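Keep the model open while reading.

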Amino acid sequence: MKLIIVALVCLLLAGMWLQDADAKSMHVSSSNCCFITVKRKISLKRIQCYKNISSTCSYKNRLILKLTGGLEACVFQKESWVQAYLKKINLCQ
């Protein structure tokens, strides 16, 4: 009986860890590369500043937008709405 409880707890913890790891993969990594790109227009009110991706990233022509609440989003630099926003927001420092 104890072995079954231990096995169930291990499965539960493994499931929680995998879910957490998958959620983190949606965010911008600390190396400033973009892997998943937002295709929908983001409200200008939510954007604090932008930064360029690292030159070592395999995906080019993308920017990282720093959003309110500590979130970040990757966007295609050539999108018309992104180009319009770049005239209104500053580069992150």
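pLDDT is the predictor's confidence in each residue, on a scale from 0 to 100. It matters here because this is a predicted model.

## Confidence

The chain has a mean pLDDT of 79. Of its residues, 68% reach 70 or more. Confidence is lowest in helix α1, residues 2-24, where the mean is 51. It is highest in helix α2, residues 80-86, at 96. Over residues 16-30 the pLDDT falls below 50. That stretch has nine contacts in the model beyond near neighbours in sequence. Where pLDDT is low, the predicted coordinates should not be read in detail.

## Overall layout

The chain holds two helices and three strands. Along the sequence they follow the pattern α-β-β-β-α. Of the 93 residues in the chain, 26% are buried. Take the contacts between residues at least 6 apart in sequence: 46% of them join residues at least 24 apart.

## The sheet

The strands form an open sheet in the order β1-β2-β3, with antiparallel pairing. β1 and β3 stand at the edges with a single partner strand each, so one side of each has no neighbour in the sheet. Neighbouring strands are turned by 30° against each other on average, direction ignored.

Strand β1 covers residues 47-52 and pairs with β2 in the antiparallel sense over five bridges. Strand β3 covers residues 72-76 and also pairs with β2 in the antiparallel sense, over five bridges. β2 itself, residues 62-67, is mostly covered. Five of its six residues are buried.

β2 and β3 form a hairpin with four residues between them. Gly69 sits in the turn and has a positive phi of about 85°.

| Residue | Bridge partner | Strand of the partner |
|---|---|---|
| Tyr50 | Leu65 | β2 |
| Ile64 | Cys74 | β3 |
| Leu63 | Val75 | β3 |

## The nonpolar cores

In soluble globular proteins, nonpolar side chains tend to be buried together. The largest nonpolar core in this model has 12 residues. They are Ile42, Ile47, Tyr50, Leu63, Leu65, Leu67, Ala73, Val75, Trp81, Val82, Tyr85 and Ile89. β1, β2, β3 and α2 each supply at least two residues of this core. A second, separate core has six residues, among them Cys33, Cys34, Ile53 and Ile64.

Val75 lies in strand β3. Its relative accessibility is 0%, so Val75 counts as buried. Not counting residues up to four places away in sequence, Val75 touches Thr37, Val38, Ile42, Asn61, Arg62, Leu63, Leu65, Trp81 and Val82. Val75 and Ile36 are 39 residues apart in sequence, with 8.6 Å between their C-alpha atoms.

Ile89 is the other one. Leaving aside neighbours within four places in sequence, Ile89 is in contact with Leu44, Ile47, Cys49, Tyr50 and Leu65.

## Two loop residues

Thr37 and Ser58 both sit in loops, Thr37 between α1 and β1 and Ser58 between β1 and β2. Which one is buried and which one is exposed? Thr37 has a relative accessible area of 14%. The cut-off for buried is under 20%, so Thr37 is buried. Ser58 has a relative accessibility of 64%. The cut-off for exposed is over 50%, so Ser58 counts as exposed.

Thr37 also has a polar partner. Its side chain makes a polar contact with the side chain of Arg62, at 2.8 Å. Leaving aside neighbours within four places in sequence, Thr37 is in contact with Arg62, Cys74, Val75 and Phe76.

Ser58 and Cys33 are 25 residues apart in sequence. Their C-alpha atoms are 8.1 Å apart in space.

How values were computed: Residues are numbered from 1 along each chain as its sequence is written. This is a predicted model: local features need pLDDT of at least 70, side-chain atom pairs count only at pLDDT 80 or more; totals for chains, interfaces and linings use all residues. Side-chain values use heavy atoms; hydrogens and water are left out. Buried means under 20% relative accessible area, exposed over 50%, partly exposed in between (1.4 Å probe, protein chains only). Two strands pair if DSSP finds at least two bridges between them. Axes are lines fitted to C-alpha atoms, for helices over the stretch in contact, and angles run from 0 to 180 degrees between N-to-C directions. Contact means heavy atoms within 4.5 Å. A nonpolar core is a set of buried Ala, Val, Leu, Ile, Met, Phe, Trp, Tyr and Cys residues joined through side-chain atoms within 4.5 Å. A polar contact is a pair of N or O atoms within 3.5 Å; within protein, one must be able to donate a hydrogen and the other to accept it, and residues adjacent in sequence count only if both atoms are side-chain atoms.
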